[in-house]
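I opened a notebook for this chain and went through it place by place. Here is what I looked up.

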Amino acid sequence: MCGIIAYTGDRQAAQLLLDGLSKLEYRGYDSTGISVIDPKDGPKVHKSSGKLQVLLDILGNNLPSGTIGIGHTRWATHGKPTDFNAHPHTDCSTDVVVAHNGIVENYLEIKDELQREGHKFASETDSEVLPHLIERFMAQGYTLEESMRNSAQRIRGAHAVVAASRHEPGKIVAFRLGNAGGIVVGYGKNEMLLASDIPALLNHTKTVAYLGAGETVSITNNQVTYSLLDGTPVGKKPSQVSYDPLSAAKGNYPHFMIKEIHEQPEAVVNTLRERISFDEFRTTLDEFPFSDKEVREFNRVVLIGMGTSLHAAMVGQTWIESLTRIPTEANNSSEYRYRNPIIDKRTLVISIAQSGETADTVSAMEMAKNLGARQITLCNIEGAQSTRIADGTMFIRAGLEVGVASSKTFVCSLTTLLVLAIYIAERRGTLSENHARELVTELSRLPNMLGSLLSNEQQYQTLARDYGNYSNFLFLGRGINHPLALEGALKLKEISYIHAEGYQAGEMKHGPISLIDKNMPIVALIPQDDLYEKMFNNMNEAAARGGKVIAIASEGDSEVEGIAEHVIYVPATSPLINPIPMAVPMQLFAYEIAVHRGCEIDQPRNLAKSVTVE
Ligand code: G6P
């Protein structure tokens, strides 16, 4: 996850930026850089691939002088982790410096346009279009702040961007679009700071404010102004953060779970980093442990997991089977380990365990290993048990998840599984070029899709008021979205203690339909796909029996409004991608109901983050 720190005040900036970067190291990164604006000579940029220590060694005691600057830790998405690709980036004449977190989805088109105007690019990154866009607008007479706003309106995707210019000494401007990580504004005495996260500010101030999506901030040593992207001023009061590092890590969120739900767009960027080539529409998995010959020899894939990870495995089953054409099954680890299953060296076992310590999953993996299976594990924790048993590990890179009920680890497990499915399909030659292009293009839109789902939380608060006192819920889905119905029901059970069942909608007539009446709300997952009409009929059947239907449908589908009491829209995407954005309404719905009911959200009763006993 990229990290940003910026300072303007009356102290020397360089050391302060380097200290700030060290506090952001926990986010993970592959390159670092700082730029300090010298009052006479303008911005000086020092950057390097590798760890912060590499940059510290390069700089030694020769720190650049100046009291305003920007620092960055980069996690590569577009362009390898090289010195040139590290941030901050500059415009043609090194007047403007920019640090960026996010993916400029339309950077190729903008870069092409800027190059035709004569702009010279020094890196392979998407980010570098930003300083050149700002340069172009400033040359037209706009201020730095106006140029930032204009640039924000040109780029697609979710972003946190910080910039300074030698032409406006002492000033730093930032904007945030969607949810590509936060920007926290730190208020000091005769100094102001900006950072991706609070730990980078705590040595200097405990007085902070948070930049919302679609907002810009402009700081000098003793002034701060906030506005919307159209320039409308925004009033914002700073607040005090706690000294306790864990509460500090929670920022201005009331619970870790909601913070982690909000981290999903950024987490997914990290999951995809260097695994997907957005330009060539293919996958690269350096950690994949098997040769192409072995991949061609697999004749069965078995996915295992527990809880939310089992639901990810069930979605993975459809992805892997449909893309690779290898017979695939998803199993609950605690059942599978006692089943005496057929396994040999042509069986690929894929285990999903965010903790890597779930006793049943680890034991099932050991059993499979003894029977000769090839194994890959998906995990969020380095050095976990599961990673020591498998032949190879794909880290899901969700970042630390504190909330016991999984949210971002689910979305990152799904994303990792889809990349893995595409990768295996490419190796086996079962994926057409067009289909690969479609999937990769939609994967690149994913952070933005997830961000857009986080922008209308009000509707979940309304739903929580209307539905928070019911005792039972039914979640219905079909095909690849059935596991999401299970996940929606699980989330509700886990954190709000309401009884909920997830069902295949086609199974409804074989039992659950007898439960439906006005006291049984039904959450119907009905995105646009091949099963849409069948799902539509099932929804109708439920409504006809008095059930109150909450539909989760694709944007643009007004048909469902005729039947459902309430519709939550998710961005329309390719049918195979649907389950990933679909996860977000499940999480927010359960979260707001749990808040409404006053439940202990981050640590629900009787549950543990990692279940290390059978
Ligand atoms: C516990 C957690 C769940 C998690 C499950 C599997 O039940 O509360 O959030 O989904 O374990 O965990 P794993 O580490 O194997 O993914």
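**Entry 1: A249.** I began with A249, leaving aside its neighbours within four places in sequence. A249 is in contact with F256 and K259 (contact means heavy atoms within 4.5 Å). I then found A249 in helix α6, residues 245–250. Helices here are DSSP runs of H or I, at least four residues, and strands are runs of E, at least two, numbered from the N terminus. A249 counts as partly exposed because its relative accessibility is 24%. The cut-offs are under 20% relative accessible area for buried, over 50% for exposed, and partly exposed in between, with a 1.4 Å probe and protein chains only. I also checked A249 against T283. They are 34 residues apart in sequence and 33 Å apart in space, C-alpha to C-alpha.

**A note on the model.** This is a predicted model, in which local features need pLDDT of at least 70 and side-chain atom pairs count only at pLDDT 80 or more, while totals for chains, interfaces and linings use all residues. Residues are numbered from 1 along each chain as its sequence is written, and side-chain values use heavy atoms, with hydrogens and water left out.

**Entry 2: the ligand.** How many residues surround the ligand? I found twelve, and the closest are S309, Q354, S355, T358 and S406. A residue is near a molecule if one of its heavy atoms lies within 4 Å of it. The shell divides into five nonpolar residues, six polar and one charged. In this sorting, Ala, Val, Leu, Ile, Met, Phe, Trp, Tyr, Cys and Pro are nonpolar, Asp, Glu, Lys and Arg are charged, and the others, Gly among them, are polar.

Next I looked at single atoms. S309 has a polar side-chain atom 2.5 Å from an oxygen atom of the ligand. T358 also places a polar side-chain atom 2.5 Å from a ligand oxygen. V404 takes part through its backbone, where a polar atom is 3.0 Å from an oxygen atom of the ligand. Taken alone, the ligand exposes 390 Å², and the protein buries 93% of that. Those areas come from the Shrake-Rupley method with a 1.4 Å probe; for residues, only the protein chains shown count as cover.

**Entry 3: the cores.** Which residues touch the most other members of the largest nonpolar core? They are W319, F473 and F475, in a core of 93 residues. A nonpolar core is a set of buried Ala, Val, Leu, Ile, Met, Phe, Trp, Tyr and Cys residues joined through side-chain atoms within 4.5 Å. Helix α14, residues 408–428, gives the most to this core, with 13 residues. I followed W319 and set aside neighbours within four places in sequence. Its contacts include L414, L417, L418 and A421, and also I480 and L576. Another core lies apart from the largest one. That other core has 27 residues, among them L59, A200, L202 and V241.

**Entry 4: T205.** Is T205 buried or exposed? T205 is buried, because its relative accessible area is 7%. I located T205 in the loop between β10 (192–195) and β11 (207–210). A polar atom of its side chain lies 2.6 Å from the backbone oxygen of Y187. A polar atom of the T205 side chain also lies 2.9 Å from the backbone nitrogen of T207. Not counting residues up to four places away in sequence, T205 touches G186, Y187 and G188.

**Entry 5: Y338.** Y338 sits in the loop between α11 (333–336) and β20 (347–352). Y338 counts as exposed because its relative accessibility is 53%. Its side chain makes a polar contact with the side chain of R337, at 3.3 Å. A polar contact is a pair of N or O atoms within 3.5 Å; within protein, one must be able to donate a hydrogen and the other to accept it, and residues adjacent in sequence count only if both atoms are side-chain atoms. The C-alpha atoms of Y338 and M367 are separated by 9.3 Å, and the two residues are 29 apart along the chain.

**Entry 6: the backbone.** I ended with some angles. The peptide bond from H87 to P88 is cis, with omega near 0 degrees. P88 lies in the loop between β4 (68–74) and β5 (89–90). Y497 has a phi near 60 degrees, a positive value in a residue other than glycine. Y497 lies in the loop between α17 (482–496) and β24 (499–504).
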